[in-house]
Structures are given as structure tokens and as C-alpha cells.
Amino acid sequence: MSVLKTYRGVPASEGIGIGSIRVYGYIDILSTIPSDCKAKDKSLEEAKLSRALSKYKDYLASLKRVLPPTDWELLDAYELMADALVNEAVEEVRSRGVCSELAIKAVYEKYSKMFRESGSELIALRESDLKSIASSLVELVSGERAQGATLIPGSVLVADELYPIDALKLARQGINGLVTRRGGVTSHVAVIARNNDIPYLIVPSINLDEILELEGKQAIVDSIEGKLIVNPSNDLIEAYSARLKCYKRLKEKAKRYAFLRATTIDHYSVDVLCNVGNVEEARIASTSGCDGIGLFRVEFLYMGNKPPSSDTLLNVFHRLAELFKDKPVTIRAPDLGADKPVPYIKLEEQNPFLGLRGVRLLLEYRDEILKPFLEAYLSVASRVNNLRLMLPMVSRVREVYEVAEIIERIGERLGVKDPSQRVSLGIMVETPAASMMLDKLAETSYVEFVSIGTNDLTQYVLAVDRTNARLSKFYSEFDPSVLRTIKITVDQAKRYGVEVEVCGEMASKQYAVPILVGLGVDGLSVNPPVVGLIKYTISKLEAKELKNRLVTRLLNLSESEEVLSEVKKYMSEKEIETI
Ligand code: PEP
Ligand code: MG
């Protein structure tokens, strides 16, 4: 009998897919090229390269004929990259006398190293595009096939890694779900999956042997809760099929709400902002109905071998401000340390989550990290009107004063008038200390808004490591202790006229919406694909009733399970469709 197995994963494109597994594999053709491969006749090798390039362009053109124009941008970029790669490969043949395959590999390796060292997650991910092009060109010059693929429409595809160009082909053939071991939620593959409504889950814990053994097995890709279920029972498949039907219906409905203001039945408006990690995601978010950016995770720019240059920061901030024009764009100061370590700051701590992280780290490394960041931020923010600055992991009032003073000094140097008054400054409430001291933090007069980071707040209120999979049953944002902490935070913020939002994952959960709206938050910052769903849910609620009836009851419960079941009951009574 086949045994059911569940893998945890990161949803990169939301949805549910059911089907039998096909394993998609590559032979790494670049690694098979001998390092002493010489050109017997240089002009023959050059001719091979130019024939391979023109065949590759024909192939891209044929894909263009079958794919929608929305995908052409990627194909055009591939064509440009292939042109540049072959041009340099010709130079390699001429100058070093190597064969055309080795010439392509040498150019690929040169750029791949540069990409990796750039430190940009976005660029590092594009390295897989370059590898795909180089492999295809080598295939064409050597006449070999690099890919072994079994493509059956309706299947769940599992791969170690997938090239974007193959994702395009697969999307065209119609697959029900996609799972890869490697990849990123911001990769081209993720964008293609989202655009084509293919549930896509990244499962880093699955190993290569396990992938090969999956061929032909039944599977469910639950890219809402982040689960890959292999060998599910018939009952489970039936339950998921019913869920899938509801999900599709609700998704269609939610689309109609994405571009409307989110207002409850009793006219209480809630901003539905978005969480993004790079400019490309922000661009998608700007066309998804987001009322602005509630959290820009700038730290992705800091993940390389050194902090980003001032030009990179200026460019990113400008583009973000441009994309959203008069809607707010909240840039979080680099939240480094703990689960976001950087190689150039060696901390070696026993308890990194209780160590130097967030604003604490920024103040320790003020010359290396904080000041250059604030300089770039201030010089853009003083010329546009929609940027907001947010401090992560605040736990002491003095941290706000210290940052404000640095802002003041940098602002003066840049010729900005009243810098700390001009900067729209907010803090994240991620520690119980920030919640308890919110009155004092608000009294500093620097804090214009607070955003509750429920991912960390839950970890610190419950003393449960958010990254420890074994503890996941103890980690819940629906725990009454977390709800009480949020209530204290919101009440204090309101007392001091400070806007209050929630930007942790909780805000993207449909069952959390009645609670957070009932507690009185002004905004929810969510993942872009759920904007419509969250706005739909808000529009079906009545804020006064939530506050007086639901929330009071929830705050008196003892367990997160009870909270969830009460909310589910309430939403079903109100005939709110849920996923
Ligand atoms: C949070 O802690 O809720 C949050 C939004 O920050 P991050 O998940 O990036 O730590
Ligand atoms: Mg956090």
C-alpha cells in the first residue's frame, strides 16, 4: 500500500492542484564539455555558433506564435541575452582557439559568477535564465538533447529546478501544479506560474532521490497552506476536489473586488496594502489593486557580499515611488540579523532571535549600514511625496530617538528642511516591549504609524521559534495571547492618533480579517495575490458588530483552535465564502 507523505513548502503561486506526478529532469549538458575542447577550424566554429543562434531565435519565434503577448517580454529578453552570449563566444573562439561549446560555457561561467556575486536575489535568480540559454545553444551546436521530459497535460510536475522557458512551455500544455526543490517566490518561474494560474510550491526539504521516486504517484499541491501531499487517500482527494471548486469560484468573485476601496457594510474603510521584496514584485503589485506598499523588505538588497551601493538604493527607491505615485510606499530599514543574516556581519550568537537584529543591529552598525541607507532614503524621500520609513524590531523608546537624531543630522547635510518632521516615520510592533511601551513610543512625536509584524510578535509572545518546523503546532497568530497583545497595540495607537496596520502573514489570512478589522486596524498589508480576497471579505463585514460581539468573545477564549472555530462559525453564519 502506498503511504501518504506530506512535505512542507513555500507557496510561490497560490492555488490547489491535483494530479499524478511527472518528474521533470535535466542533464547538465554544460558539465559534460571537456575543458580542453579545441577548435580545429576557427571559422567553422564561428559558423556553428551563428547557425545555433539563428535556430535558437527561430525557436523563440515559434514559442511567440503560441504564447500570449504577456509572455513576449521574457522571450525578447532571452533573444537579447542569446545575442550577447554568442557575440562573446565568437570572441572566445577567435582569441583562445576553443571549440564553440567550450566558448559558450566560458561566457556563461563568467556572467554567472558576476550575477552570483552581485548579491541581488533578483539577479541571482536570472542566472537560471542564462544557464537555460547557454544549455540550449550548446545543444544546438553539438546536436545533443539536454532535457528528458515527460509532459502529460493535467499532471503535477516535480523538478529539482525549472528554467523559465520550460515553465512557459509547460504552462501552455496545461499542468495542474508545479513543485520545485530550488527556486524563489520572485523568480520568473513563479511569475509565469502566477500569470497562468498554476499552483506552484517550493519544497526545499525534498531531496533528489525522493523526487525521482515520485514519478507516477498521485499528489495534491496545496499552495494555500504550503503542503505537497503524496499518495493521498481517495477521501482526501475528494475533499480537495470540492475545495478546489469553491476556491476557483471565490477567486473569480474576488477579482471584482481587487480594484475597489475595501469598506465594511457600516462604511469603515481599511487600506489593503501589499508586502513586496523587490521592484519587480512591486510592479506586479501596482497592477493588482494594492492601495500602496505596506512593507518593502529592503534587506534582499543586502544579502550579497557587501551592502548595496548608494546608486542601487537610489534607483530602487525612485522606481518604487514612481510605480505608486500618490499611494504610500513603506520602506523598511534593513532588518538584518537572526533569520536574515548577512555574510559581512559575523555575529556568532547563541540566540540570534534574541540577539543583534533589526534596529538594534542598525544602531550598532550605524556607519556601515544605517547612515548610507538613510542618506539614500532621505535624498529620494525629500523629492517625492509618497515614501514612508519603517523601523524593524523596535524594543526600546531610545531607539526611536537615536534614529530620529541621525535622520536630523543627515537631513541637514543634504539640505532637507526639518528632516525628522518631513520623514513619515513608523515602527514595527514585533516585540511585546514595543506593544507595552506604545504610549511612550507615540509620545516621542516621531512615530506617525505603527505596523504590527505578527510573524515575529507571535514568536516572542508565545516564545516559539518561528523557523522551527517541529514547533509549528505551538505557533499560531490566532492564540488569544497574541490577539490580546494586538488589542493593546491598536488601542494605544488609536489613543495617540497613530495609524495602525498589520503587515505579518496574519493579514493575508482570510480568517484573521474579521478579528483585525474588529480590533480596529486601519490597514492590512498582504501578499499581492490575495488583495481581492481580503477586500471581498472586508466588504462583507460590519465593523461595529465585530467589535461588540465577535472580538470580545474571542479575547475571552483560551486556545487558538477555539478562536479559529469561532471565526469560521461566524463567517459561515454571515455567508462569507472562504477558501
Ligand atoms: C513580521 O515579523 O511580521 C514581519 C513582517 O517581518 P519579517 O517576517 O520580515 O520578519
Ligand atoms: Mg519581523
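Visitor: Which residues in helix 21 and helix 22 meet?

Guide: In this predicted model, local features need pLDDT of at least 70, side-chain atom pairs count only at pLDDT 80 or more, and totals for chains, interfaces and linings use all residues. Side-chain values use heavy atoms, without hydrogens and water; residues are numbered from 1 along each chain as its sequence is written, while chains are lettered from A and ligands numbered from 1 in the order in which they are written. Contact means heavy atoms within 4.5 Å. Helix 21 contributes Glu545, Leu546, Arg549, Leu550, Arg553 and Leu554, and helix 22 contributes Val563, Glu566, Val567, Tyr570 and Glu573. By class, these are 6 nonpolar, no polar and 5 charged residues (Ala, Val, Leu, Ile, Met, Phe, Trp, Tyr, Cys and Pro count as nonpolar, Asp, Glu, Lys and Arg as charged, and the others, Gly among them, as polar).

Visitor: At what angle do helix 21 and helix 22 pack?

Guide: Two packed helices are described by the angle between their axes and the distance between the axes. Axes are lines fitted to C-alpha atoms, for helices over the stretch in contact, and angles run from 0 to 180 degrees between N-to-C directions. Helices (H or I, at least four residues) are DSSP runs, numbered from the N terminus. Helix 21 (residues 543-555) and helix 22 (residues 560-573) pack at about 150°, with axes 10 Å apart. Helix 21 is therefore roughly antiparallel to helix 22 (angles under 35 degrees count as roughly parallel, over 145 as roughly antiparallel, 65 to 115 as roughly perpendicular and the rest as oblique).

Visitor: How do helix 5 and helix 6 pack?

Guide: The angle between helix 5 (residues 164-173) and helix 6 (residues 188-195) is about 15°, and their axes are 8 Å apart. These two helices are therefore roughly parallel to each other. Pro164, Ala167, Leu168 and Ala171 of helix 5 make the contact with His188, Val189 and Ile192 of helix 6. That contact has 6 nonpolar, 1 polar and no charged residues.

Visitor: Which residues are closest to ligand 1?

Guide: A residue is near a molecule if one of its heavy atoms lies within 4 Å of it. Ligand 1 is surrounded by 14 residues, the closest being Arg332, Lys340, Glu430, Asn455 and Arg466. A polar contact is a pair of N or O atoms within 3.5 Å. A side-chain N or O atom of Arg332 is 2.7 Å from an oxygen atom of ligand 1. Backbone N or O atoms also lie by oxygen atoms of ligand 1: 2.8 Å for Asn455 and 3.2 Å for Thr454.

How values were computed. A polar contact is a pair of N or O atoms within 3.5 Å; within protein, one must be able to donate a hydrogen and the other to accept it, and residues adjacent in sequence count only if both atoms are side-chain atoms.
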